[in-house]
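This report concerns the domain arrangement and the aromatic contacts of one protein. Please consult the sequence and the structure shown here while reading.

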Amino acid sequence: AAPAGAVSFSVKHTAGVQVEVVTDDQSQEVPPDGGKQWPLDPGTVLKLSMSKASGLPPTRRAADSVTVNYYGEDGGPPIDQAGVFLTGIGISLDVDADRDGVVEKNNPRKASWTWGPDGQGAILLVNCDKDNPLISALDCNDEKIFRKEDLQDMSRMILRTEGPQRLPAGYEMVLYIPMSDSDKVGVFYVENPFFGQRYIHVLGRQKLYHVVKYTGGSAELEFFVEGLRFPDDTFSGLVSIHISLLESLTEGIPRAPIFTDTVVFRVAPWIMTPNTLAPVNIFVCSVKDNYLFLKEVKSLVSKASCDLKVCFGYMNRGDRWMQDEIEFGYIQAPHKCFPVVLDSPRDGGLKDFPIKEILGPDFGYVTREPLFEVVTSLDSFGNLEVSPPVTVNGKAYPLGRILIGSSFPTSAGRRMTKVVRDFLYAQQVQSPVELYSDWLTVGHVDEFVTFVPLPDKKQFRMLMASTSGCYNLFRDKQKMFKGYSGTDTKRVTINKVLSNEVMVQENQYVQRCIDWNRDILKKELGLTDKDIIDLPALFKIDKLGKAMAYFPNMVNMIVLSRDLGIPKPFGPVIDGDCCLEVHVRSLLEPLGLMCSFIDDISSYHKMLGEVHCGTNVHRKPFSFKWWHVDP
């Protein structure tokens with residue numbers, strides 16, 4: 001309070017302080033030596049600020065000061081004086097908010113997160129690989145760092161401080177996370193003792209705050225941050241970390257924050273890879289009756305110049321359906337990218353394969369298991385595909401769109417379990433499209449649609465099974481149908497197929513189901529009929545009213561860049577050649593694609609699957625950065 005009799009005041013301050021006198025919403029900067037007097041008024045405010053921390057060169061003053069002199073009516077010397085000492089401390093919690101792989105200093109947009117090429121905000125990877133082969137759990141499931149390689153999967157965060165050699169009494173710095181984020185993010189601190197670095201877990205599932213040691217002068221404390229969970233229906237993917245300077249000047253009164261700095265991370269989504277991306281590894285099972293199939297797949301893989309990974313019987317336990325057990329994708333941050341396998345809830349004989357054979361250094365793992373829902377065939381990942389990049393009515397999907405099969409909208413049929421669908425939708429960057437696949441016995445989208453890469457402007461073509469196309473082809477031929485047909489190994493004439501009225505009606509129904517999906521795909525992927533190639537197929541209806549392939553279903557192929565491994569259809573032989581193979585070659589090979597027909601009839605087709613069902617492809621990631629998407 002001003003002394004009695006005082007009517008005006010003046011201000012002096014050290015060079016490290018900036019002082020403004022604010023009166024009637026007008027501000028005047030005060031020079032260090034003061035001089036000018038201002039009338040005392042309840043509405044007058046002194047604004048004090050410091051642009052540099054105390055205790056730094058060149059002055060190294062531990063504190064700066066501001067002095068106020070009070071004057072009476074006679075205008076003589078000051079009748080009283082008041083002062084305040086100021087300690088300036090710089091605190092900045094910094095991350096790679098501009099996404100260039102470098103932690104910049106005090107980015108003004110570090111506390112928010114925006115999408116797009118001009119977006120800002122740090123990115124976090126779920127630490128879902130396993131860098132230590134001696135540990136059974138994922139790296140994100142422990143609170144230890146056994147190898148420095150594990151740090152490369154994390155995002156760097158730096159706490160930069162400036163100030164005197166020690167904090168004034170009653171002050172401390174605390175790093176903390178909200179309770180809601182404690183199961184989503186973990187933080188490690190790097191210590192440097194005499195005998196090498198130590199990595200201490202300071203924030204995470206059981207640790208909400210950490211008192212940070214203030215070291216004085218200009219200092220940088222390095223932290224490493226890991227994601228613990230992928231986005232899902234209860235988690236948007238955003239997490240925040242805070243640093244606060246707490247003050248308690250009176251004993252018995254709790255500390256209160258006087259300054260807080262915040263950074264925000266988004267957990268990187270799991271991203272699927274479409275057929276248009278280059279293959280890296282091809283996975284296939286070895287079972288007692290697929291030796292010839294394996295031999296043909298190996299030949300195809302050698303043409304495509306990628307690696308074949310065979311899962312033998314001790315691991316697959318008789319389960320040959322590699323496509324149904326897993327789906328390959330990846331996660332990416334500016335500083336790191338690595339593949340992640342999504343494990344389906346089907347849990348057949350291949351249940352342990354992804355954990356024991358794929359999970360490892362820089363190869364992550366994630367799964368979603370339903371608690372109460374019944375797992376059906378639609379939860380196998382032959383029912384999970386992704387389109388190449390598309391643009392729909394001006395809206396770009398540069399990472400493509402996920403395709404999943406479901407039941408007819410008005411029926412209570414089979415659907416993919418909610419926990420898996422929620423996971424796929426929550427990744428945001430590959431907006432899913434639900435198709436109608438419950439009309440099939442197995443019920444997978446890969447039974448009627450796939451994509452092949454092309455070097456033209458569109459970059460791909462969509463291939464669809466077509467029963468009407470098959471009937472049109474057979475009507476054109478009207479000759480002997482030679483080869484395998486359903487479960488009947490006897491030769492059947494094309495006339496006999498065409499004259500089977502029950503079969504004609506069944507395939508008319510199948511074509512209507514396919515056309516329903518065709519219309520959805522054209523709308524949701526922005527396609528026209530010229531972007532679609534129809535491959536001949538025939539189906540038969542089982543006792544439950546579901547459809548299965550009559551001869552090996554050629555759309556269920558494996559795509560290795562321009563090399564295609566297509567189920568050998570054993571169609572009508574005309575002039576020494578299978579007319580179905582000749583027709584498919586005429587559709588695809590002029591586009592620069594190479595067709596290899598693989599005999600899967602006894603080892604897969606008889607069991608309601610084909611080449612794609614029995615193989616799986618790990619592909620290279622997109623060059624496009626997912627954070628440039630506008631979801």
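The model is predicted.

| Domain | Residues |
|---|---|
| domain 1 | 8-85 |
| domain 2 | 90-267 |
| domain 3 | 271-626 |

**Interface of domain 1 and domain 2**

Taken over C-alpha atoms, the centres of domain 1 and domain 2 are separated by 38 Å. Five residues from domain 1 and six residues from domain 2 take part in the contact. About 340 Å² is buried between domain 1 and domain 2, and carbon and sulfur atoms give 65% of this area. On the side of domain 1, Ala53, Ser54 and Leu56 supply 75% of the area buried against domain 2, more than any other three residues.

The count of salt bridges between domain 1 and domain 2 is zero. Likewise, zero residue pairs in polar contact are found across the interface of these domains, with both residues required to be at pLDDT 80 or more. The residues of domain 1 that touch domain 2 comprise three nonpolar, two polar and no charged.

**Aromatic pairs**

The count of aromatic pairs comes to 18. One of them joins Trp439 and Phe448 in a tilted arrangement, with 5.9 Å centre to centre and 35° between the planes. Trp439 counts as buried because its relative accessibility is 1%, and Phe448 is likewise buried, with a relative accessible area of 0%. Separately, Trp113, Trp115, Trp626 and Trp627 form one aromatic cluster.

Methods. Residues numbered from 1 in each chain as written. Predicted model: local features only at pLDDT ≥ 70, side-chain atom pairs only at ≥ 80, totals over all residues. Heavy atoms only, no water. Domains from an automatic or database assignment. Contact = heavy atoms within 4.5 Å. Buried area = accessible area lost by both parts, 1.4 Å probe. Salt bridge = Lys/Arg side-chain N within 4 Å of Asp/Glu carboxyl O. Polar contact = N/O pair within 3.5 Å; in protein donor to acceptor, adjacent residues only side chain to side chain. Nonpolar A, V, L, I, M, F, W, Y, C, P; charged D, E, K, R; others polar. Phe/Tyr/Trp six-rings, centres within 6.5 Å; stacked < 30°, edge-to-face > 60°. Buried < 20%, exposed > 50% of the residue type's maximum accessible area, 1.4 Å probe, protein only.
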